[in-house]
Amino acid sequence: MFTGIVSAVGRVESASPNGGRGKGDGGRVLHIRAPYRGLKKGESIAVNGACLTVEKVVKGGFTVHAVQTTLGRTLIGAWQKGRSVNLERAVRAADLMGGHIVQGHVDGVATVARVVDAGDARLVDVAVPTDVAAVTILHGAITVDGVSLTVNAIPRPGVVQVSLVPFTREHTTLGRLATGDRVHVEADVLGKYVRQLCRSAQ
């Protein structure tokens, strides 16, 4: 489990189709540079909001293997060397809960519809998948590329607006977002459970 509070911005050092293993499994192995110390094999790390397992700990970073199902619901299959990514290590029971409950299960890919500065904030409108829009509420939580954000407004059906403060823009990749960019989104898990319970009760 994660909280959506990014602890580092890493960089993709290499991306090998099919895991570079010649098995044609459709997976993809990524070598990611990161400043973390004490990483362990098997540890979970959210990479742009997608929970991935550390396969190897290497000098200055780690490698992960994104399987075909992960590639099918994320943008990882298109990542190339040099891409910056938001990173968060799994939360421990004693850690501060600075964001909200984030599973690292990407619900889909969204598209940035508008970016506008408003004083010291930057407002970003994101066109989200139908399932995400259905459980998103005003002032509720949403995860964008692994970053926990508060829903600032819902300008129109299917569009969620978030407000990026200067710290978020400086310490994550979201400060570089522009209209047309695609991002990972994860809806608030509480909203998803409530929706399912309501459906079951019908």
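**Close-up views of a predicted model**

View 1. Residues are numbered from 1 along each chain as its sequence is written, and side-chain values use heavy atoms, with hydrogens and water left out. The loop between α2 (130–134) and β9 (141–144) holds histidine 139; helices (H or I, at least four residues) and strands (E, at least two) are DSSP runs numbered from the N terminus. Although not glycine, histidine 139 has a positive phi, near 70°. Aspartate 145, in the loop between β9 and β10 (147–156), likewise has a positive phi, near 50°. Aspartate 145 is buried (under 20% relative accessible area), at 3%.

**View 2. The largest nonpolar core.** A nonpolar core is a set of buried Ala, Val, Leu, Ile, Met, Phe, Trp, Tyr and Cys residues joined through side-chain atoms within 4.5 Å. Among the 22 residues of the largest one, Ile32, Ile45, Val47, Phe62, Ile76, Trp79 and Leu87 touch the most other members. At least two residues of this core come from each of β1 (8–17), β2 (28–33), β3 (44–47), β4 (50–58), β5 (61–66) and β6.

**View 3. Surroundings of leucine 87.** Beyond its neighbours within four places in sequence, leucine 87 is in contact with residues including Val6, Ile32, Tyr36, Ile45, Val47 and Phe62; contact means heavy atoms within 4.5 Å.

Note on methods: This is a predicted model: local features need pLDDT of at least 70, side-chain atom pairs count only at pLDDT 80 or more; totals for chains, interfaces and linings use all residues. Buried means under 20% relative accessible area, exposed over 50%, partly exposed in between (1.4 Å probe, protein chains only).
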